[in-house]
Amino acid sequence: MAIIERPSDEVEVVDQSTPSEATPETSYGVFRRPVETTGWKSWLFTIDHKKLGIMYGVVAMFFFVVGGIEAMLIRLQLAGPNGTVLSADKYNQMFTMHATTMVFLFVMPMAAAFANYFVPLQIGARDVAFPRINAFGFWAFLFGGLFLNTSWFLGGGADGGWFMYAPNSSVAFSPSNGVDFWGLGLQITGIASLTGAINLIVTVINMRAPGMSLMKMPIFTWMVLVVQFLLLFAIPVITVALFMLMFQRSFDATFFSVEAGADPLLWQHLFWIFGHPEVYILVLPSFGIVSEILPVFSKKPLFGYPLIVFSGAAIGFVGWGVWAHHMFASGLGPISVAAFSVATMAIAIPTGVKIVNWTLTMWGGKIKFTVPMLYAVGVIVQFTIGGLSGVTHSVAPSDTQQTDTYYIVAHFHYVIFGGAVLGLFAGMYYWWPKMFGKMLNERLGRVNFWLTIIGMNLTFGPMHIIGLQGQPRRMYQWTENRAGDGFFNIGFWNLVASVGSFVLALGVLLFFVNIYVSHRKGTEKAPLDPWDARSLEWITTSPPKEHNFDRLPQVGHLDEFFHRKYEDRGADGHHEFHQVATAEEVVAEEENNADAHIHLPSPSYWPILLAFSLPIMAYGVIYNLFLLLGGAVLALVSFYGWGLEPHTAPEEDYDPPTGTSMEVAAHG
Amino acid sequence: MSHQRVHDRTMSTSADSTSSLKIMSSRGRKAASTVAGLSALTLLAGCATDAPQDTWKPAGANAQKIQDLQWPVFLTAGIVGVIVMVFIAVCVVKFRDRGQPIPDQAHGKAWLEYLFIAIPAVILAAIAIPTVGVVMALNDTDDTECVINVTGQQWWWEYDYEVGADGTICGYAPSEVSASPIITSGQLVIPADTKVLLRGTSRDVIHSYWIPRLNGKRDMVPGRVHFLRLESDTPGIYAGQCTEFCGLSHANMRMETVVLEPADFQKWLDNELEPYQAPAEGSLAAEGETTFIAQCSRCHQVNGLVDPNNGNLVVSYPDQFVYSGAAPNLTNLMGRNTFAGATWDLLTPECRADVWEANPEEFGDKYLAGVSQDCLNEIDLREWLRNAPAKKPMYADPALLEQSDGKVRGMPYLGLSEDQIDQLIAYLLERK
Amino acid sequence: MADTAVHADAHADHGAHHTSTGLSNNKLAMWMFLGSECLLFGGLISTYMLYRGRHSENLGPDQVWDIPFTSASSFVLLMSSLTMVLAVSSANRDDERNTKVWLSVTSLLGALFVAGQVYEFTTFYREGLGFTTSLFSSSFFTLTGFHGVHVSVGIIMLMSLVGMISKNKVVGDKKEVVELFGLYWHFVDVVWILIFTLVYLIPA
């Protein structure tokens, strides 16, 4: 095949081992601009959305393992009556940190990983709108997560539950520093989410490839957009609550002190006004992934694309009006309860739309059951179960029997594990070849999938029974005299759930094995378009070059890539699709018409430095106010360094990403 | 080269579609989930189980209202679930890639989409209307016949029986007039067929009162008063558990509601108000009384207890030692059959089973008999007296309690000798 | 092919003419940020409204407010919005000197407002209204404190901007940067009008 040549003026400056190209005079900063493209520095100071996406993913998987170990300890403790694996104190820390880790340090950042990596690719952009803010967001998330987890070594983790209801979160009731770490850690990751949200919203709204109207935008990008709006408005609410918690615990304010006249329900309202949109923040990215995968493997466009878009937006919107369904037992008064009950039922409609349209996407299709497709169908099945159990407790009186029992634990694990996590795994299998240029092993993937499905149903399925049999959540022990002895006795099903959690863990372990197996030496490179995909991210090399696209793609269709490969040769209402081009040809066409002068923003030291100032300030709040001051000074310096530095090093100093384009030539 | 690749891909496509193994496994999964769904439904309809906190086994009017509302919802959800699963299964089986041509790239059918908005909307509306009705009905308290104050505290419940304007308690006139109020803990005793209204709050963090067989749960929030109705026509003990996470011993905060026939309730009431009877002089129990006054009476009240040494009435002042301000009243400890937040039984397993499984006619007598020497579960009670925080995790170590002025959050370690424990048990056995 | 090449030069973070909406990335981002800030102040104001009557025997709102004084400082802040508008219009006319002057006047007025707030806080403190005195005081100081911090951050940014304009070190489009600062400043002003009305003028 043809060797692709970049325009000659680019090829001249190939040598990137010499960082002398970026000069301090032009960047105004204290430091020279980092320009490494390989080695650890290229990761630490990168502002490339793809590298950041991968780092988000790696860190999220690390925290997934941490949260998983916490979950296993919980299940070990509850496998039999009067468990003694954990003390009451450690158990309370364990379930608090399990939820916090899984929600804030696994599912959200994992979704952020995909959003970072694929949103610019899906909309045909070269990077996000604010690459340095993007880098800052990642480092803030990482430092926030690490900060939060250092509490384990500094007197114990938070022990008030992830919902951290007041006044149980006050110092008198939770004397260790765990809750302080929790609150400050979430503030830091909140900053990360907020900056990320602004960045992605601007990226999606402003940086779409020519021809890509909003209604031609890939559905994953759409769902990410909705999620970013949810974050944009939800994070400040929890920020207020967390500030009050910090003032309460560290500076003697009385926002939640009942003896000072405070109303403990204030926290609950603030928390759930954030907390319910948070649920959609967790599942919508995964819905987007599923909505990408189903059409690809059914060889049909997404059924009712506009409706899926609108239902996603509707879920995002109505999601703001249902927060009090977490508080049906809180004593709100019958009018509010009835209103929130009905609003909650209403949100089932757009959710139902998604399930129906997914199924109708498969209807009449030409379905190939690859591992990503298995996971996607798994999401539909498992999420449907979670959605239906959700309807049963939208009925407020019924919910007063179920809330705070294991029935709720079952419900939201079907939603979050079944809906969100399975979808994220679908995404990993689907996009792995794009991100790393290697296929994950399909056979291992199938075993991985089935073990995960069996494991999750064994773990969370019995919790429906345990809950309806009256076992509350968050109890460090259960006893036999409340277990009953019929077929539905709590003891047996607790044991089943615990065994199931090990099956589930084995399933997840296989995923890591699969990564290892698939990346051993000698495994083949992935084909350019292994799934016969439909969207823009596949119109480039795998992994994509640093500048993503040689030429920004011109978009004419919702499934642009599909329509470049296939042509309808039918007539008179009869359709007959024929392949007219291979992916290789489509990509080669783009490369042949590559843009000259691609300017990518330059790496920077400031994002990581600014992010690093955050945990310093947080430790300062807990231990020493001088430390807080020190962190603030670092933050200020970073702000100035950042502000005085141009986004892109000037042209004559710029070190172009030519290395990657050479690789293209080699295998194209 | 690229053409070669296209060819390869077609080959692999056909190879995929001939693999029958995957069809089988998918079918198997669908079948399994259908079976699971159906058996779950049978379970929900049948409720053939006897966990004491079964939420599907109402034993009173309020829980019954919830049950009548929720089983059709579960059934509907189950049916919808099965239909969706079958639909998915059909898609998965029918439209596998068997080499069929690439389907039409249509983006949907409007009428079908609207239909699938309309169907769930109708179903949900049908659920919403009765839901609103039941919410209102459960909160209607106009016909209340009996008000009992309930207060949550880390990690037990206190009940304070309100004396009505007519001098009765829940409509029952005590046969002796007593100055002491009825304050108990752990087991809430209510008369059968009476619309009881709990008026609840909390002394520290949020707790939640829940007797699944009598009604849904209601959070008891410090600084606020919340109401919960309870009612049952069947005498017996109904188990419950605090359901709002309330700290270290959340798991050990339980409660039971005891329903007694009117005549039995009258007996219970009279017994509660009986004057204090000092132990016989020189008995082990009398030594126990002295120990109790020395070791326990600062926090635990026994109504009418008089210090034989000085003839003074002994009044507890737990607010000086306990952060939340109270400790269980032990006047009639052995009249109830649990202790320490209803977490442990005062009855041996056999005697407990005898009371719990008694039929409604015999239940009253068995319950009112209280705890006898033979039936006393000495093992747990001894462990408790020896070292309470070791048995029930509590912030009882003053070293941890700088923030609450060194006040304990539950019963601390008292360092009692075995002799003292013997004396105390003998003394407490007479408290009924 | 030539028509797509027009977009070839699209930097990742670039100005108005390359975006899908025509609105510059920076401006869109600022609007998004301010949208988020609305919810932040919304939460703080709700908390204050819930707690403003809860001060038991301690000083309540009606006992500490000095409405004439706060009205004056509110007026000062309002005026700073006017000078900010003048700064933006000077920047649009490429009148660097006046831009600097009006930015400086704006930050001076902002500083006057903050000074007034510091004076007010110390007066309250001397009268016996500390941060932890009551729920009313905690929520009042938190709300107005957050606003004060926003003004202070704005002042620092304005002064830095004046410095950067003088040394010609503004990164990006100068006019737009001034306009963005203006957006932020007006937002903080509007929030104060809301706070002044809800906190000071409407009786508890």
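Predicted model: local features only at pLDDT ≥ 70, side-chain atom pairs only at ≥ 80, totals over all residues.
Residues are numbered from 1 along each chain as its sequence is written, and chains are lettered from A and ligands numbered from 1 in the order in which they are written.

Let me begin with how the chains meet, where two residues are in contact if their C-beta atoms, placed from the backbone, lie within 7 Å. Two pairs of chains touch, and of these the pair with the most contacts is chains A and B. Chain B and chain C, by contrast, do not touch, and their nearest C-alpha atoms are 13 Å apart. Between chains C and A, 38 residues of chain C are in contact with 52 residues of chain A. On the chain C side, α1 (2-5), α2 (25-51) and α6 (135-166) each supply at least two residues, with helices being DSSP runs of H or I of at least four residues and strands runs of E of at least two, numbered from the N terminus. It is α2(C) that gives the most to this side, with 14 residues.

Now to the interior. A residue is buried if 20 or more other C-beta atoms lie within 10 Å of its own, exposed if 12 or fewer, and partly exposed in between, with C-beta atoms placed from the backbone. A nonpolar core is then a set of buried Ala, Val, Leu, Ile, Met, Phe, Trp, Tyr and Cys residues joined through C-beta atoms within 7 Å. The largest such core has 374 residues, among which V107(A) and A426(A) touch the most other members. Helix α8 (residues 219-250) of chain A gives the most to this core, with 24 residues. Leaving aside residues up to four places away in sequence, A426(A) touches I289(A), V290(A), I293(A), P372(A), Y375(A), A376(A) and V379(A).

Two strands pair if DSSP finds at least two bridges between them, and β1(B) pairs in the parallel sense with β5 (residues 196-202) over seven bridges. Within that pairing, G152(B) stands opposite S202(B), and T151(B) has T201(B) as its bridge partner. β1(B) also runs antiparallel to β2 (residues 156-161), joined by six bridges, and a hairpin connects β1(B) to β2(B) through two residues. As for β5(B), its covered face holds V196(B), L198(B), G200(B) and S202(B), whereas L197(B), R199(B) and T201(B) make up the uncovered one.

Finally, which helix holds L183(C)? L183(C) is found in α7 (residues 174-201) of chain C, and it counts as partly exposed because it has 17 C-beta neighbours inside 10 Å. Not counting residues up to four places away in sequence, L183(C) touches M30(C) and L34(C).
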